[in-house]
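Open the model in your viewer and switch to a cartoon display. The stops below can be selected one after another.

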Amino acid sequence: LARRAAASSVVLLKNEGVLPLQRDPPAGRLRIALLGSACAAPSAWQSRAAREDWAAGDYYTVGGSGRVFFPGDASLLAGLEAAGYDVALHPVDRSSDAEAAMRGFDVAIACGGGVTQESRDRPSLRLDQDHFLQQLVARTRASRSVDAPPHVRLPPLIVVALAPGAILTSWAEHADAALVLFLGGEATGLALSDVLSGHVSPSGRLPLTLPAAEADATPP
């Protein structure tokens, strides 16, 4: 039930023909580069400090009196591995390292996340990895310029946002595909894998407005 509910809540922001992922492309088994710390982020249950802080949240659940702990790994990495994909994780939020890591792969997936916590305001509407995502999509776009030689061209880039609420999505403009899931809970990784693979249609709708800039939203 948790998996079906989360999968039906995934919102597809854009898709330039990259999704659904091909499990067996012509060249052989699909190889996926998973980029950024958010792709393998732990849950609050996996952190002793977070368990002892009633207001601590994570990329999967709200922090505070409504928080629900769950055992197990809810990350996208775990979900893709459970689905049998050939995945290589590079959990560093540096665009230069990510650019080097994604070369030679069929497709790259970069992740960003944010936390919402009772009694604590978010410092901004940016994901924790916003700067990393913006730089990475810019590098990917530059690699496909008319003057760039073929060996410089980077593979398609999909961005997955684990959103705690309204977020800024300037990185989506130049990504090949972009998905948003709002606090997907214990089945986050499995649900995202279902959508990325095409087993579930991304039929979710935005429950709020995604502002183009911080100034478009009312500050706390």
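In what order do the six strands of the open sheet run? The order is β1-β6-β5-β4-β2-β3, and the pairing is mixed. Keep in mind throughout that this is a predicted model.

**The sheet**

Select residues 11-15 and 86-90. These are β1 and β3, which stand at the edges of the sheet. Each has a single partner strand, so one side of each is left without a neighbour in the sheet. Turn the view to look across the strands: from one strand to the next, the twist averages 20°.

**Two loops**

Go to the loop between β1 and β2, where Pro20 lies. The peptide bond that joins Leu19 and Pro20 is cis, with omega about 0°.

Then move to the loop between β4 and α5 and pick Ser119. Its phi is near 75°, a positive value in a residue other than glycine.

**The second largest pocket**

What kinds of residue make up the lining of the second largest pocket? Five are nonpolar, three polar and five charged.

**An aromatic pair**

A search of the whole structure finds two aromatic pairs. For one of them, select Tyr60 and Phe70: their ring centres are 6.4 Å apart and their planes are at 70°, so the pair is edge-to-face. Where do the two residues lie? Both Tyr60 and Phe70 are in the loop between α2 (48-51) and α3 (76-82), so the pair ties together parts that are ten residues apart in sequence.

Conventions:
Residues are numbered from 1 along each chain as its sequence is written. This is a predicted model: local features need pLDDT of at least 70, side-chain atom pairs count only at pLDDT 80 or more; totals for chains, interfaces and linings use all residues. Side-chain values use heavy atoms; hydrogens and water are left out. Two strands pair if DSSP finds at least two bridges between them. Helices (H or I, at least four residues) and strands (E, at least two) are DSSP runs, numbered from the N terminus. Axes are lines fitted to C-alpha atoms, for helices over the stretch in contact, and angles run from 0 to 180 degrees between N-to-C directions. Ala, Val, Leu, Ile, Met, Phe, Trp, Tyr, Cys and Pro count as nonpolar, Asp, Glu, Lys and Arg as charged, and the others, Gly among them, as polar. Rings of Phe, Tyr and Trp (its six-membered ring) pair if their centres lie within 6.5 Å; planes under 30 degrees apart count as stacked, over 60 as edge-to-face and the rest as tilted.
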